[in-house]
Amino acid sequence: MTERRKLTMAVTGAGGTRMARYVLSALVKDDRVSHVDLLVSRTGRKLVAHEFGGPAEKDPVELLLGSRSEKVTAHDPEDLAGPLTSGSYPSWGMVIVPCALGVVGRIAQGQANTLIERAADVCLKERRQLVLCVRETPFNLIHLRNMTQVTEAGAVVYPMIPTYYNLPQSVEQMFDEYTARLLTFIGLDQADYYAWNGTETPAHHDHTR
């Protein structure tokens, strides 16, 4: 049996927090995930509240999922004494979705001003997987250099770019497809996503298992 994974997920101040809901929901439903440590930045809370409605002071798990979950623990991103500050705290890796490019810059420079940045720094120093789902365009030269630097340090930049060859018919299908691909990328293979096989139609629906 595959070892159940304990993951860290962060939501920062970039538009597209609806994607965070899809990703967190998928992690909660996945039996291969034992626990999710959730960090939502101050600006991230404001964006979640704006995109979903409701007060920013509401519990971030409820803001994203609509209800509490025993599998998810929310941490104060301003608490630099939290457990995620230490490499001895067990964690398989970290996903930041969406990831503001200002956060990428601070990670690139080793500026652990918040628990989000410190947790990312811990992933890099412990050689754990760190996936940054950036969502801004266009990129300026500073953004590109920072993304190069975090990649050289061991992180993966995984932009929030939807696929098109699967011919999505709705925004929801775009979110579902991105979520499936992201989870598959971090080692949680999904049973249902689109894969091009070079023949037949531009969108070949392939069940991976």
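1. In strand β6 (residues 156–157), V157 is the bridge partner of L132. V156 of β6 is likewise the bridge partner of V131. Two bridges join β5 to β6, and the two strands run parallel. Strands are DSSP runs (E, at least two residues) and helices are DSSP runs of H or I with at least four residues, both numbered from the N terminus. Two strands pair if DSSP finds at least two bridges between them.

2. The model is predicted: local features need pLDDT of at least 70, side-chain atom pairs count only at pLDDT 80 or more, and totals for chains, interfaces and linings use all residues. Residues are numbered from 1 along each chain as its sequence is written, and side-chain values use heavy atoms, with hydrogens and water left out.

3. The sheet is open and has six strands in the order β3-β2-β1-β4-β5-β6, with parallel pairing. Its edge strands are β3 (72–75) and β6, each of which pairs on one side only. Helix α1 packs on this sheet and touches β1 (5–11), β2 (33–40), β3 and β4; contact means heavy atoms within 4.5 Å. The direction of α1 makes about 170 degrees with that of β1. Helix α4 also packs on the sheet, where it touches β4 and β5, and its direction makes about 145 degrees with that of β5. Axes are lines fitted to C-alpha atoms, for helices over the stretch in contact, and angles run from 0 to 180 degrees between N-to-C directions.

4. Strand β5 (residues 129–134) is mostly covered, with five of its six residues buried. Buried means under 20% relative accessible area, exposed over 50%, and partly exposed in between (1.4 Å probe, protein chains only). Strand β4 (residues 93–99) pairs with β5 in the parallel sense over five bridges.

5. The axes of helix α4 (residues 101–108) and helix α6 (residues 141–153) come within 9 Å and cross at roughly 50 degrees. That makes α4 oblique to α6; angles under 35 degrees count as roughly parallel, over 145 as roughly antiparallel, 65 to 115 as roughly perpendicular and the rest as oblique. From α4, the residues L101, V104, G105, I107 and A108 meet H143, N146, M147, Q149 and V150 of α6. By class, this contact has six nonpolar, four polar and no charged residues. Ala, Val, Leu, Ile, Met, Phe, Trp, Tyr, Cys and Pro count as nonpolar, Asp, Glu, Lys and Arg as charged, and the others, Gly among them, as polar.

6. Helix α1 (residues 17–29) and helix α2 (residues 42–52) have axes that come within 9 Å and cross at roughly 90 degrees. The two helices are therefore roughly perpendicular to each other. T17, R18 and R21 of α1 make the contact with G44, L47, V48, E51 and F52 of α2. By class, three residues of this contact are nonpolar, two polar and three charged.

7. L183 lies in helix α7 (residues 171–185). With a relative accessible area of 1%, L183 is buried. Its contacts, not counting residues up to four places away in sequence, are V23, A26, L27, D30, L188, D189 and Q190. The C-alpha atoms of L183 and L27 are separated by 8.2 Å, although the two residues are 156 residues apart along the chain.
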